[in-house]
Amino acid sequence: MDLPSRARVVIVGGGIVGCSVAYHLTLRGCTDVVLLERKQLTCGTTWHAAGLVGQLRATYNMTRLAQYTTGLYASLEAETGQATGFRQSGSIAVATNAARMEELLRGASMAKCFGLEVHTLTPSEIAAMWPGVRSDDLVGGVFLPKDGRTNPVDTTQALAKGARNRGARIFENTAVDEILIEGGRAVGVRTQQGELRADTVINCAGMWAHALGARAGTTVPLHAAEHFYIVTEPMAGLSSNLPVLRDPDGCAYFKEDAGKLLVGWFEPVAKPWGMQGIPETFCFDQLPDDLDHIEPLLTSAVHRTPALATTGINLFFNGPESFTPDDRYLLGETPEVRNLYVAAGFNSIGIQSAGGAGKVLADWVLDGHPPMDLWDVDVRRAMPFQRNRRYLKDRTVETLGLLYAMHWPFRQAETARGVRRSILHHRLLARGACFGEVAGWERANWYAPSGAKAQYEYSYGRQNWFAFSAQEHAAVRNGVGLFDQSSFAKFLLQGADALAVLNRICANNVAVPVGRIVYTQWLNERGGIEADLTITREAPDRFLIVTAAATHTRDLAWLQRHIPQGARAIAVDVSSGMAVLSLMGPRARDVLARVTDADLSNAAFPFGSSQVIDLAYARVRASRITYVGELGWELYIPTEFAPGVFDALMAEGEPLGLRLAGYHALNSLRMEKSYRHWGHDISDEDTPLQAGLGFAVAWNKEGGFIGREALLAQKEHGLQRRLLQFSLRDPEPLLYHNEPIWRNGVIVGRITSGMFGHSLGRSLGMGYVSNCAGLADPEFVLAGDYAIEVAGKLHAADVSLAPWYDATSMRVKDIASAAAAPQH
């Protein structure tokens, strides 16, 4: 079969992911699909995968995709006639300590939100279900009976056969040298057999995806690491229906394999591979053994399954797999090049992810948008620096082991740190800052007082910084606090058509006087929230757009792609040019007045306004806005002036009680005020009406806005789900994310974000409540008897549509009648 000169879609890479994408494209009726594989199908990493098919993932939509994969694999053989080896024998995860058991129990609670069957096990029940396991040192475990396993090569061949049966063409031994780009769009590929033009190109090249993407000018941050497993000689008593056993504290998994035992590891210090590139000849290759590396892992495995000590080992295996900096795979259209998609970097869960990932990517390609909130794995979360090979190598040492490491709340990466630092970094460090990382930025999460160590001590309870952050929180509520928020992404849109362009993108109206700030969402055509940000009109033809560090790439790409061709408007990323200090609290005006001669009164400087003022020796943009629910200003400072401004604020503010505050305090403060967080409380699946943000929608502005028609239809028909605020009556349990929400004995939603509200003395959460039988109107949502499930236990909760703190925002607006004490 000769290579065609044109196809609608070209897929690069013939592993299980590439074949799944081809399968699902053809399932949708897109049959003009060509898949190009450099050597043979599965010859990269798919062929040596263990074939585990788990269903419970860290988030709701990732679990939905894993559940879909399971159903797909169960039906593939009947559809295609190609055996897959798939069977559902279940899986058991065991815990050797209380912390790990709480993690498993929280996961079991979360599984109920997804309708996923899960059972809690005692050590004796584990021993009965998995003969030969050592259980005397176990605390307990969980059993997921619908988890399965499959033969990776056979399953890939079944997907390929299904795609071929519907018209897809698959070419082996056809390496892609280059993705063709014209006018910022992918238009095909170049191979040694010639060029193949296409409407869409999909990079499913596995370990090679980074280099292939880089040649096309895109960021595909992944790096290979060595992954080890052994297969024993035949072992007596191993049932073919034995559940997969996971011992995360021992970094190991155990799977029956044709009467033998396969044991693999995800060790905490991994071995990156391929730093000098991957050999062109690589095809079903194994990497050299490293017995010294796996010896302690093997010792731990013998401890869990003592029969290993007297059983011969038939195979020591070492093969490469790809890992990403945050241990989540990369999916979607690249922000740099239109019509170029990625599905790569599956972090050793490619088999269990391939079905769902292939389906949603096919939908994305054909419909022009993702079918659900895929932010967890969206390639647009990657920052350009993350293609750096040195960075990827250093981070991969850690990321392989994260699969089985403790998934602590607020856990921070330990490797490849210090990539992006505020110009104030060392000043904050000297004052006790403990830094976390977001998008490469080092950000002060909390401050250790003198004598305390600025280092996390993780737990599911109150961590070592809890009391320190509470003091920062109180300082902002009762006095004044200073946050370094230099990591904000900041864009300028300027030009004669800037207003018209922005007003079409924004749901709110940005046709405001110069010096006004507008809080707005950017919506898609379905009314879902693509971005949540503020816009300051700096001049008639210039707007400052400020958004979160984590969505920097995504939001800039959304803006640039919605500037019509020929429009007189240009977007410029000015993030590195400005530091940001946020001065917040009832005494913010008192501190600021000591370093500026500007009139800071309500009359001269009302809430929602922005002015360029003299501050210390600098000219600074001061914006009166808040994410904490108090009087305050965000100060946008040219980077080189920021140290001087910081020093002046601290010198004048400390006598007034000024205290540095970190992002954990910011989070607890915003939770009390019910300020939404994009990526948790709002996403491209949620609308402003569902999220309680209808006040930021300018329904009747001239020219309308993207998503208006969808919102109008939703407004007319009413809401079936609505975002609420929850407060646990018991002050001890802590809420984090994905805890089930019970209403009158039925699960109606899950917590989207949670934090302890220090002003209220309670754990707070937000979450959507659904009414499957009708409308989620205020009468319905407020009438129920609510409880939140935490690690298998129900805790009574109060519910509110309004913020728990200062519901009328009198303190934010500094209205004279505002109560001096917090309003509960």
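Tyr 447 counts as buried, at 6% relative accessibility, and this residue is found in strand S22, which covers residues 441-447. The structure is a predicted model, in which the protein chain averages a pLDDT of 97 and 99% of the residues score at least 70.

- Gly 461 lies 14 residues from Tyr 447 in sequence, and the C-alpha atoms of the two are 19 Å apart in space.

**Helices H2 and H8**

- The axes of helix H2 (residues 60-80) and helix H8 (residues 350-367) come within 7 Å and cross at roughly 100 degrees, and H2 and H8 are therefore roughly perpendicular to each other.
- On the H2 side the contact is made by Leu 65, Ala 66, Tyr 68, Thr 69, Leu 72 and Tyr 73, while H8 contributes Ile 351, Gln 352, Ser 353, Ala 354, Gly 355, Gly 356, Lys 359 and Val 360.
- Thr 69, which is found in helix H2, counts as buried at 0% relative accessibility.
- The contacts of Thr 69, not counting residues up to four places away in sequence, are with Val 53, Ile 351, Gln 352, Ser 353, Ala 354, Gly 355 and Gly 356.
- Thr 69 and Ser 353 are 284 residues apart along the chain, yet their C-alpha atoms are separated by 6.6 Å.

**Helix H5**

- Helix H5 (residues 152-165) has 14 residues, which at 1.5 Å a residue should span 20 Å, and its end C-alpha atoms are 20 Å apart, in agreement with that expectation.
- The buried residues of H5 are Pro 152, Thr 155, Thr 156, Ala 158, Leu 159, Ala 160, Gly 162 and Ala 163.
- These buried residues of H5 pack against helix H1 (16-27), against H2 and H8, and against strand S8 (169-171).

- Apart from its neighbours within four places in sequence, Arg 722 is in contact with Gln 690, with Gly 767, Tyr 768 and Val 769, with Ala 776, Asp 777, Pro 778 and Val 781, and with Leu 801.
- Arg 722 and Leu 631 are separated by 91 residues in sequence and by 29 Å in space, C-alpha to C-alpha.
- Ile 570 is found in strand S28, which covers residues 570-573, and, not counting residues up to four places away in sequence, Ile 570 touches Leu 492, Leu 493 and Gln 494.
- From Ile 570 to Leu 559 the separation is 11 residues in sequence and 9.7 Å in space, C-alpha to C-alpha.

**Loop residues with positive phi**

- Most residues other than glycine have a negative phi, and the two residues below are listed with that background in mind.
- Phe 284 has a phi near 55 degrees, a positive value in a residue other than glycine, and Phe 284 is found in the loop between strand S16 (272-273) and helix H7 (291-304).
- With a relative accessible area of 31%, Phe 284 is partly exposed.
- Asn 738, which is not a glycine either, has a positive phi of about 70 degrees, and its place is in the loop between strand S34 (721-728) and strand S35 (740-743).
- Asn 738 counts as buried, at 3% relative accessibility.

How values were computed: Residues are numbered from 1 along each chain as its sequence is written. This is a predicted model: local features need pLDDT of at least 70, side-chain atom pairs count only at pLDDT 80 or more; totals for chains, interfaces and linings use all residues. Side-chain values use heavy atoms; hydrogens and water are left out. Axes are lines fitted to C-alpha atoms, for helices over the stretch in contact, and angles run from 0 to 180 degrees between N-to-C directions. Helices (H or I, at least four residues) and strands (E, at least two) are DSSP runs, numbered from the N terminus. Angles under 35 degrees count as roughly parallel, over 145 as roughly antiparallel, 65 to 115 as roughly perpendicular and the rest as oblique. Contact means heavy atoms within 4.5 Å. pLDDT is the predictor's confidence in each residue, from 0 to 100. The expected span of a helix is 1.5 Å times one less than its number of residues. Buried means under 20% relative accessible area, exposed over 50%, partly exposed in between (1.4 Å probe, protein chains only).
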